[in-house]
Amino acid sequence: MVEAAGAKGWEASAEAWIARVDSGDSTRELLLDSVMLELCGDVMGLAALDVGCAEGRFSRMLAMRGAVVTGFDPCRAFVDTAAARHPTGKYLVASAEVIPFPAATFDLTVCYLVLIDVPDFRKAIFEMARMLKPGGRLVVANQVSFRTAVDTGWVRDEAGNRLHVAVDDYFTEKAAHVAWCGISITNFHRPAEAYFSAFLDAGLRLTAYREPHPTPEQLAEHPSLETEARVALFNVMAWEKG
């Protein structure tokens with residue numbers, strides 16, 4: 001039921017999501033893109049897989065740097081948009097839990113803020129590892145687990161000032177409904193231990209771990225990033241297949 005609801009949520013929210021991305025997403029553009037690209041390294045000529053590619057924004061960024069990109073998403077509207085915007089890429093409808101390619105097909109796999117949307121994240125991580133050639137890289141951006149533990153987010157004082165981030169019931173894996181900017185979907189919370197155990201159990205080796213946050217210059221130009229300067233919202237990891 002959760003999986004079906006999640007897929008339907010993205011189908012219903014696809015138009016709003018595309019409009020949101022097209023209008024600019026400062027957290028991705030300022031905090032995540034540069035770290036993701038750095039950890040992907042030199043992608044020229046590499047066979048790259050974009051897991052949960054949505055409208056194909058990051059797929060196109062990899063393609064512009066010379067990667068041969070394949071992207072997939074369970075949402076048909078996203079796949080159609082990605083294919084229309086990048087006709088030389090390959091895009092298909094598929095689930096992260098059952099990736100429809102033979103083992104050891106790709107040099108690089110990216111998963112850009114997708115795991116929080118996937119019901120069976122352990123199976124998805126196993127599948128992403130299966131896709132990689134020996135020595136291949138998996139680069140993953142995700143929300144840090146202490147920010148997904150409760151849906152209240154920042155605790156505020158009577159004047160509305162942010163005091164601190166609330167964390168509770170951290171070790172319970174659970175689904176939660178989230179909504180913003182016309183988007184209404186299901187996200188999932190898991191403790192960090194669960195994620196790291198899944199990557200390690202899939203035979204992957206951690207090579208880099210980052211918690212992106214704004215520079216003083218970015219913060220001066222984009223005050224809305226103030227919360228990300230106080231408490232990490234994302235992590236970005238690079239894993240290697242042995």
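Reader: Is Lys 174 buried or partly exposed, and at what relative accessibility?

Author: Before the answer, a word on the source: this is a predicted model, where local features need pLDDT of at least 70, side-chain atom pairs count only at pLDDT 80 or more, and totals for chains, interfaces and linings use all residues. Residues are numbered from 1 along each chain as its sequence is written, and side-chain values use heavy atoms, with hydrogens and water left out. Buried means under 20% relative accessible area, exposed over 50%, and partly exposed in between (1.4 Å probe, protein chains only). Lys 174 therefore counts as partly exposed, at 23%.

Reader: Which residue does Lys 174 meet in a salt bridge?

Author: A salt bridge here is a side-chain nitrogen of Lys or Arg within 4 Å of a carboxyl oxygen of Asp or Glu. With 3.1 Å from N to O, Lys 174 meets Asp 169.

Reader: How many salt bridges does the structure hold?

Author: Another one of them pairs Arg 205 with Glu 240, with the closest N and O atoms 2.9 Å apart. That pair links distant parts of the chain, since Arg 205 is in strand β10 (residues 204-210) and Glu 240 is in strand β11, 35 residues apart. Helices (H or I, at least four residues) and strands (E, at least two) are DSSP runs, numbered from the N terminus. The structure's salt bridges come to 11.

Reader: How many residues apart are Arg 76 and Asp 80 in helix α4?

Author: Their side chains meet in a salt bridge too, at 3.4 Å from N to O. An α-helix has 3.6 residues a turn, so residues three or four places apart point the same way. In α4 (residues 76-85), Arg 76 and Asp 80 are about one helical turn apart, and the separation in residues is 4.

Reader: Arg 190 is buried yet has no salt bridge, so what is the distance to the nearest side chain of opposite charge?

Author: Arg 190 is in the loop between β9 (183-189) and α6 (192-201). A polar atom of the Arg 190 side chain lies 2.4 Å from the backbone oxygen of Val 118, and one lies 3.0 Å from the backbone oxygen of Pro 119. For charge, Lys and Arg count as positive and Asp and Glu as negative; His and the chain ends are not counted. By that count the nearest opposite charge is on Glu 173, and the distance is 4.9 Å.

Reader: Which residue in β11 stands opposite Val 139?

Author: Two strands pair if DSSP finds at least two bridges between them. Strand β5 (residues 132-143) runs parallel to β4 (residues 106-112), joined by 6 bridges, and Val 110 stands opposite Val 139 there. β5 also runs antiparallel to β11 (residues 234-241), with 7 bridges. Across that pairing, Val 139 stands opposite Ala 238.

Reader: What is the angle between the planes of Phe 101 and Phe 106?

Author: Rings of Phe, Tyr and Trp (its six-membered ring) pair if their centres lie within 6.5 Å; planes under 30 degrees apart count as stacked, over 60 as edge-to-face and the rest as tilted. By this rule there are 10 aromatic pairs. Phe 101 and Phe 106 form an edge-to-face pair, 5.3 Å centre to centre, and the angle is 90°.

How values were computed:
A polar contact is a pair of N or O atoms within 3.5 Å; within protein, one must be able to donate a hydrogen and the other to accept it, and residues adjacent in sequence count only if both atoms are side-chain atoms.
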